[in-house]
Amino acid sequence: MRRMLIGAATVVAVLLAGCSTRSGDGPGTDSAQRSSPAARKSSDFGTLKDVCGPGTAKFSSVQGVTDDEIQVGVMSDIGFTKRSEFVDAAKVFTSWCNDAGGINGRDIAPVTRDAKLMEVRQRVLEACKADFALVGGGSALDSLGVKDRLKCLLPNFPAQSSQIGAIGSDLQVLASGPTAGYFQYAGYYSWLLKDKYPDSARKVGVIAGDAPVTKVMAAQFKEAVAGLGGTVSYSDLYPAAGVSDWTPYAQSIKKDGVKGLVFLGDFASLAKLEQALTGIGYTPDWIDANSNAYGPAFPQLAGAALGTQHNYAELLGTAPLESARDNPAVQQVIDLFEKYDPGKQVTYPALRAFSAWLLFATAARDCAELTRTCVYENAMKNTAFTAGGLQAPFDLTSKEPPKCYVIVEATAKGWQAADFEPDHGAYRCDAPTYKYKGDYGKPATLADVGKSLADLT
């Protein structure tokens, strides 16, 4: 899930993550990363076998399904953000899958539903009239279209879910967190506050954009920090339209002695704040740059400040792009992009989109008769979904957040794995559970629109 920052008059970057939100262009790939591993079966992905393939599809009267294809919608804010990662991932995945035979012989036909940030309802209503499901996308203001989606019984397999009304909503199938009602970064923050920088626990600062959505996020982080044994000693807002001089904020942070800083905003603003902190000679123990900053743009913008400032991010248990040499699934995504969409970079949102596509494809593959009910139920049976190795195991049958997490660190040379003592391969799987006590809203349900699962066909 990206963290999101929306201003009343200005949208400061569309945000945060994680999912999300955007991460910008992902880390580049060098010739060593591009070299393919041993030959794989064309229909396999990572540890997943026969994801796509030929077959004799049975007749279906379900919307979006013909004898030859399955039409699915891909939500995006591309018209606003100019970021094409969800559209690119859809092109790459479906090209690969269709070349392998499709879903039991049916090609997947993705249709981009560009919400342009504010047109979520319009795009969902269009999808309601034509698509079998929504797959591999996301929009920053996703809660705006949830009730319309539920009214038309349209399943959603998003790459990201951003807002409270959408996260955990009915007929939403996430390949990995977040989980409604829980702080999704409990493992990450326990590591920051107790393991890596225990002296920072009593001096945590939270700075956020002055917008309704981000204010709610700030309240959630303050509660979670306290619930995990920390103390928020400093809290501030900055104008959502932007700040011309970050020096006064840097001076306030220094005056309060902030040792751990939570920043809820766009990474370009964070880069300027860190330059101001460096300029006055102050370095907190850690800064949560969040997954929105994960990509080459943030290190480039922050520049020399990363020589002193310590930035981290947690990727919701998704394998970092830097792990491609050791992770065949990540390498396979890079290879498929080079084959089907050369010149486009693989990003963190693209990896999450691939996880969503793999969940949808394997669930649809196992349906003798392709219906929304069958695909939804098959997907929700997964107890340890790893997307073939793209992510830590995720239990879709559980209502509690996952235990595994992965932490990366920004340096002057780019992003790299942090020294967070992983205990399950690339992941650490000892995250505590923190359930919010405050009332921040609830996800939408079928009952809210007078429907039930029995109405799904």
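Predicted model: local features only at pLDDT ≥ 70, side-chain atom pairs only at ≥ 80, totals over all residues.
Strand β7 spans residues 260-264, and five of its five residues are buried. In a regular strand, the side chains alternate between the two faces of the sheet. Both faces of β7 are covered: the buried residues G260, V262 and L264 lie on one side, while L261 and F263, also buried, lie on the other.

Strand β7 has parallel partners. Strand β5 (residues 204-209) runs parallel to β7 and is joined to this strand by five bridges; in this pairing, L261 of β7 is placed opposite G205. Strand β8 (residues 286-288) also pairs with β7 in the parallel sense, here over three bridges, with D288 of β8 opposite V262.

Several backbone features were identified elsewhere in the chain. The peptide bond between G177 and P178 is cis, with an omega of about 10 degrees. P178 belongs to the loop that lies between β4 (156-157) and α6 (186-196).

Positive phi values occur at A387, where the angle is near 55 degrees in a residue other than glycine, and at E421, likewise a non-glycine residue with phi near 55 degrees. A387 is located in the loop between α13 (372-379) and β10 (407-411), whereas E421 is located in the segment after β11 (414-417). The relative accessible area of A387 is 0%, so this residue is classed as buried. E421 has a relative accessibility of 57% and therefore counts as exposed, the cut-off for this class being over 50%.

Technical notes
Residues numbered from 1 in each chain as written. Heavy atoms only, no water. Buried < 20%, exposed > 50% of the residue type's maximum accessible area, 1.4 Å probe, protein only. Helix = DSSP H or I, 4+ residues; strand = E, 2+ residues; numbered from the N terminus. Pairing = 2+ DSSP bridges.
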